[in-house]
Amino acid sequence: MSVIIIGIDLGTTNSLVSCMRNGVPEIFSNELGQDLTPSVVAFAEDGALMVGQPAKDRIVTHPHSGKACFKRDMGNKEPYLFDQKSLTPVECSALILKEMKRIAELRLDQPVSKAVISVPAYFRDSQRNATLEAAAIAGLKVERIINEPTAAALAFGYKNPEKESNVLVFDLGGGTFDITLLEIFDGVIEVKASGGESHLGGEDYTSALLDHLLKKNEWEINSDEGNRWREKIDSVKVELSKNESTTLKVGDQEVVITQTDLALAGKNLNARMRPIIRKCLNDARVSPDEIDDVLLVGGASRMSVISEIVRAIVPIEPNHTIDPDRAIALGASIQAALSAQDSAVDDIVLTDVSPHTLGVEVVRDSPDGNHKEGYFAPVINRNSTLPTSHSEIFHTMHPKQDVVDMKIYQGESRLIADNHFLGEIVIKGLREQRGQKNPGQVDVRFTYDMNGILEVEITILSTGVKLNKVFEQRPGTMTAAEVKAAIKRLQPLKIHPRDTLPNRTRLERANRLYENLNAEERDELSRIINEFETALDQQNSEYIEHIISILDQYLNRYKDLI
Ligand code: AMP
């Protein structure tokens, strides 16, 4: 019997399972004949567990009996308390994965123990690990975690093997927004850049439309009716992607809801997507007119405003040849076939990129001779092709220093307080000895693979001693250091003269821009920001004016990326 590896799209709203059979990726429907199983779990009165459509129906009437949208809480260990039981987000996801495994076994008529699971490209490592934990609970070994837009592009590339193109995948699901730029040529599918936001999706449009209508019509609802209203408004939103207007029955009233309502409600959400798309193109160094195909995936990409947003940046019609609901699951099963070395996919090669920047905390010298802690020094830049390995040399603060506690972070900010702590390595034996070469210096090598597993190797250059640590079992919850950093960040800040509104705004904008620039551009901006901070610290007004004029020109030049 050949190895069976299934592909699972574990979605915020719906989940799908698929498998490649005889060179054809196929989606398995559940017993209701549906390809899409709602990602909802609930308990019946007698304590029986429900998964999928019945659970979805149950929470409309009994909101405290179960949960939807738990994918958004992956990485969080706090359990949900239901009427009779409690479950963590990981356990809820495990129940959905178990259901997917069951459906596959039913259709394949044989046991299944291996899977490829898709996650949003923008999932952090802790969320990826929580997904691995959920799979383990469900009795599935994960052969590969694949990014959702990459999976969609794989489905497209598999269908169009001859095509050579730059493809932009715009993926707006129930809970997450992902954007990815890929190049397809000769069966090679190469991810050039990806980005997104883990809390922006169709469910947010539903919430926004609900809030808008409640305010506009002065309706009041009690908390127990929340799910019922959400379901009604979700249908309204779906209707509005087909028609200019629709009606909603409220009591004995028929209320007309139009595209304008959805446009007003979704204004802030729409605005959040534009810079993310531009940042992705900028990272990939591809201009909008070099894009050949735009793929819209994820249920919420069917909203008409989405085509408008994309068209305003990339002036071509989105390609509708792939099914937005099924593309990710189909791609996951093609990846599963690649992992199983299925001969049907011999001609396909897939490369992916690191969705985040990885680096270490460093201390910066300031002009008054003091040191400032808390700066982030990237080692692997966002959107590096995986697997990747890169090293940087760091040194101790002073010759007598023997120990360094090297803290490793993931994120895009210049300051580690805003990035995500991954772990640390304590390095000893650094004190300078007479006659040594490269005293106090360490070579820090990061190696990052396709599954998002980071290996850090440190070499003390003076002695040749090596330290090695693999970061694969990171906890899903916040670490003590992160909690501490968050508390610290939220403490009321002392007002320094530099914290005037215009200067603070400049710095914040500059920091935001920094996160959206590519590696080379970052260096220049980082220098300007550092100079600006120094000028403010020294309170030298001429110098401040001079740097402000440079910084403002820079901010203006890149205003589209902020
Ligand atoms: P997914 O996680 O990809 O299944 O996407 C689910 C989200 O897409 C939910 O928020 C749905 O309300 C939304 N959705 C599905 N179909 C449509 C449609 N035709 N128009 C607008 N939104 C939709």
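How do the residues of the shell around the ligand divide into nonpolar, polar and charged? In this predicted model, the shell divides into 3 nonpolar, 8 polar and 4 charged residues. The points below begin with the ligand and then turn to helix 6, which gives the most to the shell around the ligand, with 3 residues, and which packs with helix 5 and with helix 1.

**The shell around the ligand**

- The ligand is surrounded by 15 residues, and the closest of them are D234, K237, S241, G299 and A300.
- Helix 5 and helix 6 each supply at least two residues of this shell, and helix 6, with its 3 residues, gives the most.

**Polar atoms facing the ligand**

- In the side chain of S241, an N or O atom is 2.9 Å from a nitrogen atom of the ligand, while for A300 a polar backbone atom is 3.0 Å from an oxygen atom of the ligand.
- T13 also takes part, with a polar side-chain atom that lies 3.4 Å from an oxygen atom of the ligand.
- The ligand taken alone exposes 510 Å², and 87% of that area is buried by the protein.

**Helix 5 against helix 6**

- Helix 5, which covers residues 202–217, packs with helix 6, which covers residues 226–240, at an angle of about 105°, and their axes are 9 Å apart.
- Angles of 65 to 115 degrees count as roughly perpendicular, and helix 5 is therefore roughly perpendicular to helix 6.
- On the helix 5 side the contact is made by G202, E203, Y205, T206, S207, L209, L210 and L213, and these meet W229, R230, I233, D234, V236 and K237 in helix 6.

**Helix 1 against helix 6**

- Helix 1, made of residues 53–61, packs with helix 6 at an angle of about 120°, with the two axes 6 Å apart.
- From helix 1, the residues K56, I59, V60 and T61 meet N227, R228 and E231 in helix 6.
- The contact of helix 1 with helix 6 divides into 2 nonpolar, 2 polar and 3 charged residues.

How values were computed. Residues are numbered from 1 along each chain as its sequence is written. This is a predicted model: local features need pLDDT of at least 70, side-chain atom pairs count only at pLDDT 80 or more; totals for chains, interfaces and linings use all residues. Side-chain values use heavy atoms; hydrogens and water are left out. Axes are lines fitted to C-alpha atoms, for helices over the stretch in contact, and angles run from 0 to 180 degrees between N-to-C directions. Helices (H or I, at least four residues) and strands (E, at least two) are DSSP runs, numbered from the N terminus. Angles under 35 degrees count as roughly parallel, over 145 as roughly antiparallel, 65 to 115 as roughly perpendicular and the rest as oblique. Contact means heavy atoms within 4.5 Å. A residue is near a molecule or strand if one of its heavy atoms lies within 4 Å of it. A polar contact is a pair of N or O atoms within 3.5 Å; within protein, one must be able to donate a hydrogen and the other to accept it, and residues adjacent in sequence count only if both atoms are side-chain atoms. Accessible areas come from the Shrake-Rupley method with a 1.4 Å probe; for residues, only the protein chains shown count as cover. Ala, Val, Leu, Ile, Met, Phe, Trp, Tyr, Cys and Pro count as nonpolar, Asp, Glu, Lys and Arg as charged, and the others, Gly among them, as polar.
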